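Welcome! Have a look at the sequence and the structure, then read on.

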Amino acid sequence: SEVTVYTAAVDELERPFAQVDYGQLFDDVRASIDEAHRDGSIKETIMADIGRYIEYDPDLGATLHKLRSAGKRLFLLTNSEPAYTDAVMSHLLRGEHSEYRSWKSYFDVVITSAMKPAFFMRDAPFEEVVQGPTWQLRKVRELQRGRIYMGGSQAEFERLTHVPSDRVLYVGDHIFGDVLRAKKQSAWRTLMII
């Protein structure tokens, strides 16, 4: 998101032939994006009108189903909090396939609040998010399909899933938080979405 904001700001500031300090502009955009994530304003706005901001793709469920049918084990790893993840994934995977009771059923493991890139460098336990009137956390000894987990680490993920590093293909969209750090800290294969 910061690249989009940065390029739009550069386009706008260069129009009147103004002198632009590109380094300072980047620092300002980066700080504003961090603040918007910290205070929750971006996610609140998106969840209030999710269809406006996140395009629904009717082929997503079918694609995930094909991967699972081919014997692939799928996991979701996100820095987003459980409530936001639930809202976004409920929008994206609306239950077109009767064999999936909810969006969580598409994945063998769902990890939220992962704190990437630290996820790849630390050794931390997972906690299960138990939904009820309020969100509760429970320590775990195993990862189960259809559940939501928070935190954890790459080392703990590999230990609990019994999947060696070189058998994981990790798809990310952030060059530092996903791809670069995963590559430096592990043998995970990485694929970047641009």
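## A pair on helix 2

Asp34 is partly exposed in this predicted model, because its relative accessibility is 29%. Its partner is Arg30: the two side chains form a salt bridge, with N and O 2.2 Å apart. Arg30 is partly exposed too, at a relative accessible area of 25%.

Where do Arg30 and Asp34 sit? Both belong to helix 2, which covers residues 22–39, and four residues separate them, about one turn of the helix. An α-helix has 3.6 residues a turn, so residues three or four places apart point the same way.

## More salt bridges

How many salt bridges does the structure hold? The count is eight. Side chains of opposite charge can pair when their charged atoms come close.

Another of these pairs joins Asp108 to Arg68, at 3.1 Å from N to O. Are Asp108 and Arg68 buried or exposed? Both are buried.

A further salt bridge connects Glu128 and Arg138, whose closest N and O atoms are 3.3 Å apart. This pair links distant parts of the chain, with Glu128 in strand 3 (residues 126–130) and Arg138 in strand 4 (residues 136–139), ten residues apart. Glu128 is buried because its relative accessibility is 8%, under the 20% cut-off, whereas Arg138 is partly exposed at 42%. Arg147 belongs here as well: salt bridges with shared partners join Glu128, Arg138 and Arg147 into one network.

## The chain as a whole

Let us step back for a moment. The chain has 194 residues, and 40% of them are buried. It is built with eight helices and seven strands, and its C-alpha atoms fill a box of roughly 55 × 35 × 35 Å along the principal axes. Of the contacts with a separation of 6 or more, 61% are between residues 24 or more positions apart.

## Helix 7, an enclosed helix

Helix 7 spans residues 154–161, and six of its eight residues are buried, so this helix is largely enclosed by the rest of the structure. Which residues of helix 7 are buried? They are Gln154, Glu156, Phe157, Glu158, Leu160 and Thr161.

The buried residues of helix 7 pack against strand 1 (75–77), strand 2, strand 3 and helix 8 (175–185). After helix 7 comes His162, with a positive phi near 60 degrees.

Leu93 lies in the loop between helix 6 and strand 2. Leu93 is buried because its relative accessible area is 4%, under the 20% cut-off. Setting aside residues up to four places away in sequence, Leu93 touches Leu60, Gly61, Leu64, Trp103, Tyr106 and Phe107. From Leu93 to Val140 there are 47 residues in sequence and 26 Å in space, C-alpha to C-alpha.

Lys43 is part of helix 3 (residues 41–48). With a relative accessibility of 14%, Lys43 counts as buried. Beyond its neighbours within four places in sequence, Lys43 is in contact with His37, Ser80, Glu81 and Tyr84.

Which residues gather in a patch of positive charge on the surface? They are Lys72, Arg167, Lys183 and Arg189. One of them, Arg189, is found in strand 7 (residues 189–192).

There is also a nonpolar surface patch of about 350 Å², made by Leu169, Val171, Leu191 and Ile193. Ile193 is in the segment after strand 7, and at 48% relative accessibility Ile193 is partly exposed.

Note on methods: Residues numbered from 1 in each chain as written. Predicted model: local features only at pLDDT ≥ 70, side-chain atom pairs only at ≥ 80, totals over all residues. Heavy atoms only, no water. Patch = residues over 30% accessible without salt bridge, like charges linked within 9 Å, V, L, I, M, F, W, Y side chains within 5 Å. Areas by Shrake-Rupley, 256 points an atom, 1.4 Å probe, with all protein chains shown as cover. Salt bridge = Lys/Arg side-chain N within 4 Å of Asp/Glu carboxyl O. Lys, Arg positive; Asp, Glu negative; His and termini not counted. Charge placed at Lys NZ, Arg CZ, Asp CG, Glu CD. Helix = DSSP H or I, 4+ residues; strand = E, 2+ residues; numbered from the N terminus. Buried < 20%, exposed > 50% of the residue type's maximum accessible area, 1.4 Å probe, protein only. Contact = heavy atoms within 4.5 Å.
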